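This report goes through selected local features of one protein model. The sequence and structure come first, then the notes.

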Amino acid sequence: MKILLTGATGYIGKRILPILLAQGHDVVCSVRDKNRFYVPEDFQGKIQVVEVDFLDKSTLVNIPADIDAAFYLIHSMSGSDTNYDELESISAANFSERINQTQAQQILYLSGIVNDKSLSKHLSSRKNVESILAKSKVPLTTLRAGIIVGSGSASFEIIRDLVNKLPVMITPKWLNTKCQPIAINDVLEFLSKSLFNTLTYNQSFDIGGPDILTYKQMLLAFAEAKNLKRYIFTIPVMTPKLSSYWLYFVTSTSYKLATALVSSMKVEVICSDHRINDLLGVQPISYKEALSRALLKVDEDKVASSWKDSLISGRLSQRLSSHIKVPKKGCYIDRRKKEILDRDYTINQIWSIGGDTGWYYGDWLWSLRGFIDKLFGGVGSRRGRTNKHNIYPGDALDFWRVLYANKKEGKLILYAEMKLPGEAWLEFKIIHNTLYQAATFKPKGILGKLYWYSVLPFHGFIFNGMLNKLIK
């Protein structure tokens, strides 16, 4: 069967793709930017990639008419604090219109649990999208999940940040809100087993694990799994805005995502029934087991996807190709070069840069720059990187976004997502036996020029020291 996979660059999309291929399906991956979609060698020739922006009707013709089913995995809390719900509605309406013109037999949508009368804006938007999709002539299967626990998931990463960094937590009262977490593997099993199962057509199902826990209990369970002693005290006076800032400064989340999460965390998300478990023969694992599996993946450096690599984690809203050509006119450029001793060693050094590895020289200055960026509402450097030794276009790398990464060519281009009075690129390329390193800054007005000259004194030893460490 031919399956349309929307959100193919997202957290769920990246993980369900190999499952669909293993089931023998032909998969059409719908992405907004092909440059952000890395196709593993094992998948090359087995999938079709089409560029579609569901906010732009003219691009929907790229969806083949002969698809048999479609996964709608598009969720957005980025771009605007006020109108993301409107954008989600437009995307869903455009999707439905196009799907009606295909031979699709089923739409599968992953939503959020909505069994509370007082829903957050985020959950209300998902419920509205479900209503729009249900109006399509194609049968809809909706799976509603609460907290998804898996390596790289937003919930898991936020919990990990809080527990690892704070021995004592003074927290808002919504940490006593109950929820029903579910392991990522169980979500994927529910999705894949619902595909072409006529018993799920035109129905909505709640999916969750066997445990009903408060967020406080989830944090303490994580601490126990890591053999850490943690103390949590809840207070009633922390406003939603203060709560959002608390998450923003302590964890790797963006402020926009923190705001949406805080709003949702005040609402209980508990399954109203478990009928789909028997219907599909799925028995979800416990929260403790889900944590154990996620931590193992992190320890083994086998995180298949991370929310941090989605555009919601940064401020890059345009296509990667819009920035991939590093400008020269009107720019300040710090150029350096050095003869390499061992190409493989240098490539591995470059491909391991950032995250836990650091920047090889003056790490405290890079950390300080990330902290300052957080203070001014930027992404900071807490996003780290998804894998320790692999980099792909579209990945987040501290406060950079990977624009281009080609090991064979020996070329890596990063684009700065920090708050800047201009735009910045960091480029590494190997030509013959020489490593070329360039930091390019395109200033915006007088503030941009002042910024460049204020950091110029640090460039000499930071960039020179980094270059030397990349060589030997």
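In which helix is the place of D186? D186 sits in helix α5, residues 184–194; helices (H or I, at least four residues) and strands (E, at least two) are DSSP runs numbered from the N terminus. The model is predicted: local features need pLDDT of at least 70 and side-chain atom pairs count only at pLDDT 80 or more, while totals for chains, interfaces and linings use all residues. Residues are numbered from 1 along each chain as its sequence is written, and side-chain values use heavy atoms, with hydrogens and water left out.

D186 has 5% relative accessibility and therefore counts as buried (under 20% relative accessible area; exposed is over 50%, partly exposed in between; 1.4 Å probe, protein chains only). Apart from neighbours within four places in sequence, D186 is in contact with Q283, P284 and I285, contact being heavy atoms within 4.5 Å. A polar atom of the D186 side chain lies 2.9 Å from the backbone nitrogen of I285.

T9 lies in the loop between β1 (2–6) and α1 (11–22). T9 counts as buried because its relative accessibility is 17%. Leaving out neighbours within four places in sequence, T9 is in contact with K14, V31, R36 and F37.

β1 pairs with β4 in the parallel sense over three bridges; two strands pair if DSSP finds at least two bridges between them. L4 has A70 in β4 as its bridge partner. β4 is also joined to strand β5 (residues 107–112) by three bridges, again parallel, and here Y72 is partnered by Y109.

In a regular strand the side chains alternate between the two faces of the sheet. In β4 (residues 69–72), A69 and F71 point one way, A70 and Y72 the other, and all are buried.

## The six-stranded sheet

Six strands form an open antiparallel sheet in the order β14-β19-β18-β17-β16-β15. The edge strands β14 (332–339) and β15 (396–397) each have a single partner, so one side of each has no neighbour in the sheet.

Strands β18 (residues 422–431) and β19 (residues 434–443) pair in the antiparallel sense over ten bridges. I431 stands opposite T434 in β19.

## F371 in helix α12

F371 belongs to helix α12, residues 363–375. With a relative accessible area of 44%, F371 is partly exposed.

How values were computed: A polar contact is a pair of N or O atoms within 3.5 Å; within protein, one must be able to donate a hydrogen and the other to accept it, and residues adjacent in sequence count only if both atoms are side-chain atoms.
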